[in-house]
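Hi there,

Here is the structure I promised to pass along. Have a look, and my notes follow below.

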Amino acid sequence: MDIVFSNSTLLFRQQPLVAPVRTVTGTHRQQNIITSATTTTTSSKNQLLFGSRTNLSLKSYNNSLPKLAIRVRCGASSGITEITESEFPNTVLKSERPVLVEFVANWCGPCRLVAPAVEWLAQEYGDRLTVVKIDHDANPQLIEEYKVYGLPTLILFKNGQEVPESRREGAITKLKLKEYIDTLLDSISVA
């Protein structure tokens with residue numbers, strides 16, 4: 001299995017196995033991507049790759065090819081925690097710091113487009129702001145309660161309340177995201 005990097009996509013090309021078990025670890029210098037892959041032969045069907053930005057997994061298809069498990073981690077820890085409805089009150093509403101909540105879905109293209117900018121924001125503003133992610137499909141009560149109609153949706157919370165005019169829907173560039181957060185943080189520090 002070769003791992004080929006492009007600017008935005010991880011591509012996989014199947015090759016015959018040399019040994020029953022093989023571990024490959026490497027670093028892609030341009031984007032600071034660390035990969036770790038382990039392949040093992042198996043009597044079950046070959047696995048077809050699918051998954052999210054950080055965790056890739058496999059599904060069965062063919063008996064003749066090996067099983068592959070891959071985990072991809074981009075750079076350092078992103079600083080974004082994925083939470084559920086049950087964690088929302090303690091993590092967001094009772095937080096002493098401002099909390100930026102990002103509502104996303106795995107199937108949402110604009111969510112994937114915005115993800116690197118939000119990860120940068122979480123790292124850059126980690127001393128002033130907590131950033132959490134909420135899966136749209138897994139948390140329908142929050143989606144209904146906060147009337148999330150478009151994805152991705154960003155909402156800033158302070159002292160258990162949604163900050164007025166903090167709601168932002170749709171894709172956003174890194175520069176616009178920085179302006180958006182700087183304006184909101186300035187407004188809540190004055191208020």
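**The disulfide and the helix**

C108 and C111 are joined in a disulfide, with their sulfur atoms 2.4 Å apart (a disulfide here is a pair of cysteine sulfur atoms within 2.5 Å). A search of the whole structure turns up 1 disulfide. The torsion about the S-S bond of C108 and C111 is about 80 degrees, so this disulfide is right-handed. C108 and C111 are both buried (buried means under 20% relative accessible area, exposed over 50%, partly exposed in between, with a 1.4 Å probe and protein chains only).

Please keep in mind that this is a predicted model: local features need pLDDT of at least 70, side-chain atom pairs count only at pLDDT 80 or more, and totals for chains, interfaces and linings use all residues. Residues are numbered from 1 along each chain as its sequence is written, and side-chain values use heavy atoms, leaving out hydrogens and water.

Now to helix α4, residues 174–190 (helices are DSSP runs of H or I with at least four residues, strands are runs of E with at least two, numbered from the N terminus). Its buried residues are L177, Y180, I181, L184, L185 and I188. They cover an arc of only 120 degrees around the axis, which puts them on the same side of α4 (the arc is that of the directions from the helix axis to the C-beta atoms). On the other side of α4, L175, T183, S189 and V190 are exposed. The buried residues of α4 pack against β9, α2, β11 and β13 (contact means heavy atoms within 4.5 Å).

Best wishes

Definitions and conventions. The expected span of a helix is 1.5 Å times one less than its number of residues.
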